[in-house]
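Me: I have a structure open here and would like to go through it with you piece by piece. Could you take my questions as they come?

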Amino acid sequence: MTDAILRVTNLSRYFRVGGLRSSGTLHATDEVSFEVAPSEIVALVGESGSGKSTIARVLAGLYPPTSGEIVFEGEVQGKRPSRRVRGRMPMVFQDPFGSINPVLRVGHALERSLKLHRPELNAAQRDAEAVVLAEKVGLLPGADVLARYPHELSGGQRQRLGFAQALASRPSLILADEPVSMLDVSIRIGLLNVMKALRDEEHVSLLYITHDLASARYVADRMIVLYAGRIVEEGTTDEVITNPSHPYTRLLMATAPDPRLPLASDTDVADLGEPPKVINPGPGCRFAPRCPLAMDHCRTSTPAMVQLSATKRVACYALDAS
Amino acid sequence: MSTPILEVRDLQVHYATPHGPAQAVNKVSFDLAPGEFLAVVGESGCGKSTMLFSIAQLLTYPAETVGGTVRFNGVELTSLSPEELRQHRWRDISVVMQSAMNALNPTLSIGAQLADVCRAHTDWSDAKIAERSAEVLAMVSIDVTHLKSFPFQLSGGMRQRAMIAMALLLEPQLIIMDEPTSALDVVAQRSLMRQVENLRRQLGFAVLFVTHDMSVVSHFSDRLAVMYAGEIVELGTTRDVFDRPRHPYSSGLMDAFPSIVGAARELTGIAGNPPSLVDPPVGCLFAPRCAHATDECREVRPALVASADREVRCHLVNPRRVS
């Protein structure tokens, strides 16, 4: 893909942990490479600690990468993205209650984005544009909602406002970090539909960060599955869901709460283990300690991503063997 | 059904607001059999957690239980003094809160917190306390070395399991759980549910479980109660309610979450917002959002009508003229 709007190559972000005298380094994200095409929703799926939010935060410039290259809209990004790049690649946060100033009217949140990123607009144009943006994300009637205070909005409405704010800077890619995980199940679907509408009508790409496989399947064109800081599987949503290759993806599939699935009793043991904290890691597949297919080889050398089809890549020795 | 261990009748909770009382829980009635797992599902603000807190007698101002009875093993909990309630807590009824991160004391080791519960309710020796603490940790698959660990040294899933271990200490007959899985990852969620289920089989306690995500309980609860705006709108066996929801709100909820199986399809969710509980509509509380609402629905509040296997609060399911 040469027309990718975002290309990430061997991106790593490490954190020093454990106090001053410790030499511990947490590998939050390790050698991650992927691309996002225009008008595409890519889901980064993984558990807590898989590095999915770290990737979004590095892209948003909240902290610099330890190593690796980020090419956004054809430009190699430096340590900190410029305001223009931050506007083209805004972030929607997980907590809709912590990300809006509670003492200012809802409209202010949008006006501020417009003021910063669209200086060519005058006050009247900004007001009009704010209403248009609000209505694009389903905050209806726009003028009425913008005149309220944040506490008068429900969680779902606040999160819609988050997307309107992101839209204000005319983005090409929105980084959506678990935007629905704090919402009630019954209103999540409305937000997921907003994300689809942004892709289809505004031609924005989205990097959707989630631990929920079912919602990723619902909105995403492609899925990237992360485990302990590394990509273990990548493919189109259909490929990954109907034919999961990596044992970790299969574990995620088996544990997804879904009333439409029969309850597997034999494969579904009570203690499924937990992802490791990747501090000063040695070589080897990071899933090996929990993997039913692990071989000696898996513990001593790190499997590379192998191309299984034009669109699907997997990092697993057990698959090479079979 | 054997004699219920918990009988809730016409439970009513109001929140004091500047605009008058909000009817957070409105005449909720149900029974819980010994060893039974009842899940209560509904949106935020439907009163499900308030109901739990009212049953456990943990409500504080501005919430107040204004009517109804809660009988636990024949004892009327609403009329007990704080000291009498204290006797029942942990020993007969344990509560597992939503956020284990906040429910555990960050400055005490897990072992000290388990011992605290034992000392408050038993005259066990230190050796007996240590033995029982190790035993309950093993039940939830936590290594006994973690008795010396502090909460920050455990993962979220382990903390939540430690809470469950604490709830099990004195072998209560009823464990009340308020969204214990909502802060967990899917894999940890499934582990926790599995463990609760195995322990319930083994030890025979009953579970009253509240969640907004009904898919979490779909494979584990015996019966499912769907709450909307403070009322139970549907109650039946879990599998049956999932497969054949009768109340329009229940079917709306079933259609609101995407699946990883079957054909991909567009979902719409349920339009609109729950009604004001201070000034609720006259008729069915769900009528303003219901696609099938008739004039009758808007004018007359439907009752919860029991049939052979299901209780449903809907005029369309229970035509009034026929009955």
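Me: Where is B:Thr122 found?
Reply: In this predicted model, B:Thr122 is found in the loop of chain B that runs between α4 (110-121) and α5.

Me: And how many C-beta neighbours does B:Thr122 have inside 10 Å, and what does it count as?
Reply: There are 15 C-beta neighbours inside 10 Å, so B:Thr122 counts as partly exposed; the cut-off for buried is 20 or more.

Me: What separates the C-alpha atoms of B:Thr122 and B:Pro302?
Reply: The two C-alpha atoms are separated by 48 Å, and the residues themselves are 180 apart along the chain.

Me: Staying with the loops of chain B, what is the phi of B:Ser141, and where is that residue found?
Reply: B:Ser141 has a positive phi of about 60°, although it is not a glycine, and its place is the loop between α5 (126-139) and α6 (156-168) of chain B. With 16 C-beta neighbours inside 10 Å, B:Ser141 counts as partly exposed.

Me: What about B:Trp90, buried or exposed?
Reply: Buried, because B:Trp90 has 21 C-beta neighbours inside 10 Å. This residue lies in the loop between α2 (82-88) and β6 (93-96) of chain B, and B:Trp90 also has a positive phi, of about 70°, without being a glycine.

Me: Which residues does the cis peptide bond in chain B join?
Reply: B:Tyr61 and B:Pro62 are joined by a cis peptide bond whose omega is about 10°, and B:Pro62 sits in the loop between α1 (48-55) and β4 (63-72) of chain B.

Me: And in chain A, what is the omega of the peptide bond from A:Leu140 to A:Pro141?
Reply: Omega is near -15° there, and the bond from A:Leu140 to A:Pro141 is cis. The loop that holds A:Pro141 is the one between α4 (123-136) and α5 (142-146) of chain A.

Me: Changing topic to strands: how many residues of β9 in chain B are buried?
Reply: For strand β9 (residues 223-228) of chain B the count is 6 of the 6 residues, so this strand is largely enclosed by the rest of the structure.

Me: Which residues of β9(B) point which way?
Reply: B:Arg223, B:Ala225 and B:Met227 point one way, while B:Leu224, B:Val226 and B:Tyr228 point the other way, and all are buried. In a regular strand the side chains alternate between the two faces of the sheet.

Me: How many residues lie between β9(B) and β10(B) in their hairpin?
Reply: There are 2 residues between the two strands, and in the turn B:Ala229 has a positive phi of about 50°.

Me: Over to the sheet in chain A, what is the strand order?
Reply: The order is β6-β7-β8-β3-β9-β10-β12-β11 in an open sheet of 8 strands with mixed pairing. At the edges stand β6 (91-92) and β11 (306-307) of chain A, each with a single partner strand, so one side of each is left without a neighbour in the sheet.

Me: How do β3 and β9 of chain A run, parallel or antiparallel?
Reply: Strand β3 (residues 41-45) and strand β9 (residues 222-227) of chain A run parallel and are joined by 4 bridges, with A:Met223 as the bridge partner of A:Ala43.

Me: Now the helices: at what angle do α6(A) and α7(A) pack?
Reply: Helix α6 (residues 155-168) of chain A packs against α7(A) at an angle of about 20°, with the axes 10 Å apart, and that makes the two helices roughly parallel. The contact includes A:Phe163 and A:Leu167 of α6(A), and A:Leu191 and A:Val194 of α7(A). Its residues divide into 6 nonpolar, 3 polar and 2 charged.

Me: Last one: how many residues of chain A are in contact with chain B?
Reply: Chain A has 33 residues in contact with 34 residues of chain B. On the chain A side, the elements that give two or more residues are α7 (185-202), α8 (213-219) and α10 (247-255), and the residues of that side divide into 17 nonpolar, 7 polar and 9 charged.

Conventions:
Residues are numbered from 1 along each chain as its sequence is written. Chains are lettered from A and ligands numbered from 1 in the order in which they are written. This is a predicted model: local features need pLDDT of at least 70, side-chain atom pairs count only at pLDDT 80 or more; totals for chains, interfaces and linings use all residues. Two residues are in contact if their C-beta atoms, placed from the backbone, lie within 7 Å. Ala, Val, Leu, Ile, Met, Phe, Trp, Tyr, Cys and Pro count as nonpolar, Asp, Glu, Lys and Arg as charged, and the others, Gly among them, as polar. Two strands pair if DSSP finds at least two bridges between them. A residue is buried if 20 or more other C-beta atoms lie within 10 Å of its own, exposed if 12 or fewer, and partly exposed in between; C-beta atoms are placed from the backbone. Axes are lines fitted to C-alpha atoms, for helices over the stretch in contact, and angles run from 0 to 180 degrees between N-to-C directions. Angles under 35 degrees count as roughly parallel, over 145 as roughly antiparallel, 65 to 115 as roughly perpendicular and the rest as oblique.
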